[in-house]
Amino acid sequence: MRISEIFHSIQGEGKYIGVPQVFVRFAGCGVGCAYCDTLTEAWDEMSPDEVLYRIRDIVHYAHSVVFTGGEPLRQHDAVGVLAGALKDMGRPVFLETNGILFEAFESVKDVIDIVAMDIKLPSVTRTKPFWDEHHRFLKSARRHDVFVKAVVSSQVEEADLVRTAQLVAAVDPAIPLFLQPVHGDGELTLETVRWMFDTCVQYLRDVRYVAQMHKHLAIP
């Protein structure tokens, strides 16, 4: 499998913000979001046993093991092997995903505990929309401990916010939605934040606006 890095840090986003975790970063994504600052071009070819050996050195300090990227589900066979081994060790598995590869998720979902799923807003990512893929993915993940993240910026369009909230609500209006501002967007104002929140809370019970803590603290 292609692994960019394995490290211990503090979760900086979403529902589990502030929790210590072990991160396994898989190389490669394929979406190309305009705001992406995660470099995964450099990677090592590692066997599952090598990855597990590295995790065992630090996992006892962690709440869970995070598969992140890039996009882990591009290597779903490896994800299944690693997640199964970690569950045998009694370690929760936390998947950070772009929420697009729903068929790959179906093949591994029985060994995943927590799902942090992105919804890609076209007005922010500057990529093609993935509404159908996101809907099918969230339906598949709804029985998990799942929450949704949507990166937002001063360029976000109301139609994207409404469609995101409606998509989540169609699966389960109780699923938490985290609006995550692009780090360094100086044009975001409190008025804009309130507008985004008010737009989404019309459809969902749990909407939160949370910045990336690790960016502000300059930690991995």
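Where is the place of Gly70? I found Gly70 in the loop between S4 and H2; helices (H or I, at least four residues) and strands (E, at least two) are DSSP runs, numbered from the N terminus. I also looked at the peptide bond that joins Gly69 and Gly70, and it is cis, with omega about 10°.

**Ground rules**

I am working on a predicted model, in which local features need pLDDT of at least 70 and side-chain atom pairs count only at pLDDT 80 or more, while totals for chains, interfaces and linings use all residues. Residues are numbered from 1 along each chain as its sequence is written, and side-chain values use heavy atoms, with hydrogens and water left out.

I went to strand S4 (residues 64-68), where Ser64 has its place. Ser64 counts as buried at 2% relative accessibility; buried means under 20% relative accessible area, exposed over 50%, and partly exposed in between (1.4 Å probe, protein chains only).

Which side chains make a polar contact with the side chain of Ser64? One is that of Gln21, at 2.9 Å, and another is that of His63, at 2.8 Å. For the term itself, a polar contact is a pair of N or O atoms within 3.5 Å; within protein, one must be able to donate a hydrogen and the other to accept it, and residues adjacent in sequence count only if both atoms are side-chain atoms.

I then listed what Ser64 is in contact with, leaving aside neighbours within four places in sequence: Pro20, Gln21, Val22, Pro92 and Phe94. Contact means heavy atoms within 4.5 Å.

Next I moved to Gln21, which sits in strand S2. Gln21 counts as buried because its relative accessibility is 0%. Gln21 and His63 are 42 residues apart in sequence, yet 5.4 Å apart in space, C-alpha to C-alpha. With neighbours within four places again left aside, the contacts of Gln21 include Phe7, His8, Ser9, Gln11, Ala62 and Val66.

Does the length of H2 agree or disagree with 1.5 Å a residue? It agrees, because the 13 residues should span 18 Å and the end C-alpha atoms of H2 are 18 Å apart. The expected span of a helix is 1.5 Å times one less than its number of residues.

I noted the buried residues of H2 as Ala78, Val79, Leu82, Ala83, Gly84, Ala85 and Leu86. Their cover includes strand S2 (20-26), helix H1 (48-56), S4, strand S5 (93-97) and helix H3 (102-108). After H2 comes Gly90, with a positive phi near 80°.

I picked out Leu86, which is found in H2 (residues 76-88). Leu86 has a relative accessible area of 0%, so I logged this residue as buried. Not counting residues up to four places away in sequence, Leu86 touches Leu52, Ile55, Val65, Phe67, Arg91 and Val93.

**Entry: the loop between H4 and H5**

Is Arg126 buried or exposed? Arg126 counts as exposed, at 55% relative accessibility. Arg126 has its place in the loop between H4 and H5, and its phi is near 60°, a positive value in a residue other than glycine.

Thr127 lies in the loop between H4 and H5, but this residue is buried, with a relative accessible area of 17%. The side chains of Thr127 and Thr125 are joined by a polar contact of 2.8 Å. Beyond residues up to four places away in sequence, Thr127 touches Val31, Gly32, Cys33 and Pro122.

**Entry: H6 against H7**

Two packed helices are described by the angle between their axes and the distance between the axes. For H6 (residues 158-171) and H7 (residues 190-201), I read axes that come within 8 Å and cross at roughly 40°. Axes are lines fitted to C-alpha atoms, for helices over the stretch in contact, and angles run from 0 to 180 degrees between N-to-C directions.

Which residues make the contact? H6 brings Glu158, Leu161, Val162 and Ala165, and H7 brings Trp195, Met196, Thr199 and Cys200.

I also checked the span of H6: its 14 residues reach 21 Å from first C-alpha to last, close to the 20 Å expected. Among the buried residues of H6 are Leu161, Val162, Ala165 and Val171. The cover over the buried residues of H6 includes helix H5 (131-141), strand S7 (145-152), strand S8 (177-181) and H7.
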